[in-house]
Amino acid sequence: MAKKLQSIRGIHDGLPHDVARWQQVERVARQVFSNYAFSEVRLPVLEPTELFVRSIGEATDIVSKEMYHFVDQGEDAICLRPEGTAGAVRAYLQAGLTRAGQQRWFYTGPMFRRERPQKGRLRQFQQMGAECFGAAGPLADAEVLAMGWQLVTQLGLQELTMEINSLGCSACRPAYREALVNFLQQKSEHLCETCIQRIDSNPMRVLDCKNETCQQQLHDAPEMIRHLCSDCDTHWAGLQQGLATLDVPYRINPRIVRGLDYYNRTAFEIITDQLGAQGTVLAGGRYDGLIGELGGPATPAIGFAAGMERLALLLPETKAVSAQVTVVAIGDDNISTASLRHAHSLRQAGISTIHAGGGAMKRQMKIADRENTAFCMIIGEDELAAQQVVLKKMCDGSQQTLSLDAAMEYIQDSSLMTVGQK
Ligand code: ATP
Ligand code: MG
């Protein structure tokens, strides 16, 4: 027998139940982004490999082992994007927007990283991200963090924590890095293989090693926030003042680093303890050096990205509703024709409708139940003769006999009411 075809490991299908949850996340996110005047951009999934090598940095996990890259038929080195920021900066530069004033963008779409698949860690996953180009100053940071916080709170997610840190800048980080490397070298015999390698290549990444024995060694590791230059220190204080003004609760976590090289000053994460090791649902920070790095004029910038699948895992379980009404026909072919016409009228009036297809009443009612529709519209011989329908409200079983127009009005009013109550 032929081998059963399966999706690639760590790459999942979005079936209706998943997509309904993603759409819920997207709906809230779009509202929040628009409250902050961020506009949507839709950027390519394929980018030149060099874009990520230059921006994210070769010493990172992403570039050193996680990228899906290939050489195409024209000998071009191409990569499936592992994240959205580098592509956004490329697009910003390519469109010549560096003198067009502040740009506030958001995006949503698939990202690709070949990592070890686990719950909340996939090889193709979706991110929703926001980038603000041309925003300097700590209050811009506070507003972007507040936007991220509003996104998760408006989704109704609870027990999340906003953690912040400062990564310093090119003036103060080298001295800190040296202090950190000295400290880590003294501890090196107790650190894991990966951390030992990172002491030279990317020492700050050692700070967020998930290995417990490594963490035990790091208790008194030097902290960037104690080594900030005076400009970074002022920025750090301003960020905290801004967060207090905007009522964003936060915790300082000196261990937050970003996996990507291009961040400076503010780094932050919104975390949960409900997803095991995959606890970061939203992460971001300031990256004032990246636009210059990719060939543009020095331009301050800040952004974040949230993992759609992780957010969706945290949403409360709800029973999927596929339509508002199920139309049920009791009787012969004439009645099925009438019920099909009624279903058509309902849909034309903007009411989502399932036509149960006639036949046995029990089977049709089962469809209404399974599809979890709010109403059943039942048509039998008497109703057809009187040009009426029976409208059954599924939540309490109450029924009324009405004209089709009156029934449609009733359904529309009641759906307006439930929207209003939310
Ligand atoms: P982690 O520490 O979990 O590996 P990261 O630092 O690599 O995260 P970022 O590059 O900052 O993650 O991406 C932002 C967000 O995208 C993460 O906080 C997470 O919610 C989500 N994310 C990242 N990688 C994955 C993945 N492989 N599968 C699902 N979601 C992911
Ligand atoms: Mg990662």
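**Helix and sheet packing**

Modeller: Helix 2 and helix 4 are roughly perpendicular to each other (65 to 115 degrees) in this predicted model. Helices are DSSP runs of H or I, at least four residues, and strands are E runs of at least two, numbered from the N terminus.

Biologist: At what angle do the axes of helix 2 and helix 4 cross?

Modeller: Roughly 105°, and the axes come within 10 Å. Helix 2 covers residues 49-56 and helix 4 covers 85-94. Axes are lines fitted to C-alpha atoms, for helices over the stretch in contact; angles run from 0 to 180 degrees between N-to-C directions.

Biologist: Which residues make the contact?

Modeller: Leu 51, Phe 52 and Ser 55 from helix 2; Ala 86, Gly 87 and Arg 90 from helix 4. Contact means heavy atoms within 4.5 Å.

Biologist: New topic. What is the strand order in the open sheet?

Modeller: The order is 2-4-3, with antiparallel pairing. Strands pair if DSSP finds at least two bridges between them. Strand 2 (46-48) and strand 3 (68-71) are the edges, each with a single partner strand, so one side of each lacks a neighbour in the sheet.

Biologist: How many bridges link strand 2 and strand 4?

Modeller: Three. Glu 47 has Cys 79 of strand 4 as its bridge partner. Helix 2 packs on this sheet, touching strand 2, strand 3 and strand 4. The direction of helix 2 makes about 70° with that of strand 2.

Biologist: What are the ground rules?

Modeller: Residues are numbered from 1 along each chain as written, and chains are lettered from A and ligands numbered from 1 in written order. Local features need pLDDT of at least 70, side-chain atom pairs count only at pLDDT 80 or more, totals for chains, interfaces and linings use all residues, and side-chain values use heavy atoms, leaving out hydrogens and water.

How values were computed
Angles under 35 degrees count as roughly parallel, over 145 as roughly antiparallel, 65 to 115 as roughly perpendicular and the rest as oblique.
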